[in-house]
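Hello,

Please have a look at it, and then read my notes below.

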Amino acid sequence: MIKNNDKISANQVSILLFTTMVGAGILSLPADVSKEVGPNGLIAVFAGGIASLFFARMILYLSSKFPTETFVEYSAKLVTKPISILISIVLVFYFTIFVSLDVRIFGEVLKIYLLPSTPIETIIITMLFASAYLVRYGLEPIARMSEILFPIIVIPLVLLFLPAMSDIDLSNFLPFMRISLVKFFKGMLFTTYSFVGFEILYLLFPYVIDTKRLKKGVNAAIISTMLFYMYITFFVIGIFGYKETKEQLWPFLTLIKSINFPVFFIENVEGIVMGIWTFTIFSSIYSFYYFAVLTFSKLLKTREHSYFVLPAVPIMYLMALIPDSIVTVYKYAGYVSQYMSVFFIAILPILLFILLKVKRSGDSDEEKT
Amino acid sequence: MGFFDKIFGKKEVRKKKDGMPSSPSLKQNLDYIKNKLKDCDDVIYRDIWVGENQQYNLAIVFIDGLVDKDLINDHVLHSLLLDSRQANPSIEKIKGNLYEVIKKGTITGGDIKEITDLDKCILSILSGDTALLFNGSPEIVIISSKGWQMRSISPPEAETVVRGPREGFTETIRVNTALVRRWIRDPNLKVKQIQIGERTHTDVAVLYVEDIVDRNVLNKVMERLKNIKIDGVFESGYIEQLIEEDWHSPFPQILNTERPDKVAASLLEGRLAILTDNTPFALIIPTTLATLFQSSEDYYERWMISSLLRILRFLAAIVALISPAVYIAFTAYHPGLIPTKLTLYVAATRQGIPFPAFFEALIMEATFELLREAGVRLPVPIGQTIGIVGGLIIGQAAVQAGIVSPLMVIVVAVTAVASFAIPNYSAAIAFRMLRFTFMILAAVFGLYGIMLGFMILLTHLVVLKSFGVPYLSPFVEIDISDLADTLIKAPIMYFKNRPEILNTPDRRKMRDLRGEKIESIEDDRRDGNDKK
């Protein structure tokens, strides 16, 4: 049973989705899309957002058919129980991987920009413990935390880019759509890593109070994420051009470094951006962390998720340290987003959708006879 | 029969627990009281004989110093001993009915009640009432005669305002409830009084407006108050700590105030207030972080300046929280993140300072806390001297001696001033304490440490609740109309509803003035047309 105090509103779901999706991907997104689609990055992000919206709504539709159950429970009814358990285990693993990847990328960035002499292990473990502290208290505080962090993340980042407006060269977005569709779809695929996060909808449905408003909430969350990404991609590609963008690891940070604030006494805003970005990553980490732990506790049918919060820390810590360099981190991130994410975002919803329809028609057939 | 025995037996036991029933014999009653109040030399017993032949024996008992002597002399003794002689009721009427006659016709005191329980009688005497005992009847008349030396109403010291009423609560609960009543002349303003403290029997009043308050919160408060089993409560701080949700937290989950206008305004918002006898501090429930930054003056001044001051206060809280930590982080870890000129200046001023930035900051902040604490303890004139000696001379000498950098002194001073800009003292304490945690984190992890501190602090705050209301609301579980009274204070016309978070049954606070005006004008016109 779900306790009454663990329910959140549709608005909160909307904000939680946004803060979950906006995470480590924001740093490398412009470079990722530039690599494949060149000047059409903006359109690729847009297309990626629309596709994400479609699949998010599909997942939502699936969950709404089983309003009191999470994925772990309802998938058993659609696919058989052993397969459901298998998928759920992979889902736990999948969320855990995202925590590890995010925390590792966070550690790497922090090490380069802020703390060159601090060992990355310390950064990772402190971040994990800070997240564990929040995750232990459950969904309601997590949703509230996202509500607090949302304006802190969005407002400064939107404002910080404005002084760079005059440097944008619109010709950087030309030629318009002169690439093959296959390449474009591949580029779209590369945006997945940035849009990953709405899979939490698989599990979220039974915890929402006003489920009727959930559709609007999901729309708002994914469209605003898309616009936010497009805003950043617009500035990065607009200023650097796609050729320069794709050579960089984190074009987002390079752009921040290059912006000058003649009026402020702070000459470069790296410190501020690092602070905001810490929150951005934090909000993704705790969300993935919570849903990993929640899925696991649902698998074992325990009443409280909090038993597994602390034991998860060493696992995530060790997983975060597996890649030996930042290049390998992104290689793994690429694998995960191209195979696992595509499975969970696209293939699984379609599969479950078909199974649901088949089963429903089977049921009604049985009723008829 | 055994069944009934059980019930009656139980009832008898209960009655005994309730107290000692008084007997018709005056001597017996007096002996009981005297025995209970043995060795209490401040209790005064006065035997009175009235009647034509002085045949009726009465006694009054009160505690010297707690009662209004004039009231007893004029309205009890004078009436009984002198005025009653002038009246000439028939002896038959009086005979055997003395008690009724005296109670109804003789005593001119305003507030009297009768009881037949000696223990309750003793409690009333101890609270400052006067007991009038009769020979021949078990009833005891309790005359409300509380009147001790008390501080007169004076301006609240911790919450002064430029514009606004100058009244502050006093130490007497009756005066305090009256001060609130004077603001709200509504029969729905309820004052529920209970006594807490098995020895102190302190009067505690819960104030609320019946059709506005959230019943769940009220029940929760009453339940928690009734569950307090302690020998004594002193100051509302006792009650605050005994009924709050999370005692681990450095943040006050219950607001305290000395201002009746603030209490009245909170009551109309749908909160409830707890007044405690013997203290001028009222408690307001539920409290959120945003209310700690509200000063009652915000609502009396124009909205623009109030909004600016609100923003300033929130900034002040952040400055008080992290400015020494930021200093440590930037000097020790990230000199590259501040402008080159400033970096060079900081480096130059820190030349020759033997301590790392963290210890430098710790020494200065600890010194400042020391000065503040010493300043509180010292008598007012010397306290100021200490302020000057400590603040100016020690600061100056420390810089000249090369122990701390001048920038550090500025940081400490700014932090100190900022922490005073938070209107609520208890909230300011929380930020002052957490400052040291942030300093340690900054010393270990630099800027990341500060962010880490914020993550942990925010986690604590999002988990925290005050009587079921999230502590960070309305920033969480967002309601746009509630946000108008947080970081900014919108013009008063916008506060049409009570705060959503308080879950009040009657949400409307103000009707749409303009809409009503137009309606009434239209009504007038229509009436006019009809007449034509």
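Helices here are DSSP runs of H or I with at least four residues, numbered from the N terminus. With that in mind, Lys65(A) sits in the loop between helix 3 (41-64) and helix 4 (71-78) of chain A. Please remember that this is a predicted model.

Lys65(A) is partly exposed, because its relative accessibility is 31%. Together with Lys215(A), Lys357(A), Lys359(A) and Arg360(A), Lys65(A) forms a positive surface patch. Which helix gives the most to the positive patch? That is helix 15 (residues 326-368) of chain A, with three residues.

Now to the salt bridges: the whole structure has 26 of them over all chains. One joins Asp210(A) to Arg213(A), at 3.0 Å from N to O.

In chain B, Asp129(B) pairs with Lys146(B), with 3.5 Å between the closest N and O atoms. Asp129(B) lies in the loop between helix 6 (118-126) and strand 4 (130-134), and Lys146(B) in the loop between strand 5 (140-143) and helix 7 (173-183), so the pair ties together parts that are 17 residues apart in sequence. Asp129(B) is buried, at 7% relative accessibility, whereas Lys146(B) is partly exposed at 42%.

There is also a network of salt bridges linking Asp298(B), Arg310(B), Arg313(B) and Asp485(B).

Finally, the domain assignment divides chain B into domain 1 (20-143), domain 2 (173-287) and domain 3 (299-463). The C-alpha centres of domain 1 and domain 2 of chain B are 35 Å apart.

Best wishes

Notes: Residues numbered from 1 in each chain as written. Chains lettered and ligands numbered in written order. Predicted model: local features only at pLDDT ≥ 70, side-chain atom pairs only at ≥ 80, totals over all residues. Heavy atoms only, no water. Patch = residues over 30% accessible without salt bridge, like charges linked within 9 Å, V, L, I, M, F, W, Y side chains within 5 Å. Areas by Shrake-Rupley, 256 points an atom, 1.4 Å probe, with all protein chains shown as cover. Salt bridge = Lys/Arg side-chain N within 4 Å of Asp/Glu carboxyl O. Lys, Arg positive; Asp, Glu negative; His and termini not counted. Charge placed at Lys NZ, Arg CZ, Asp CG, Glu CD. Helix = DSSP H or I, 4+ residues; strand = E, 2+ residues; numbered from the N terminus. Buried < 20%, exposed > 50% of the residue type's maximum accessible area, 1.4 Å probe, protein only. Domains from an automatic or database assignment.
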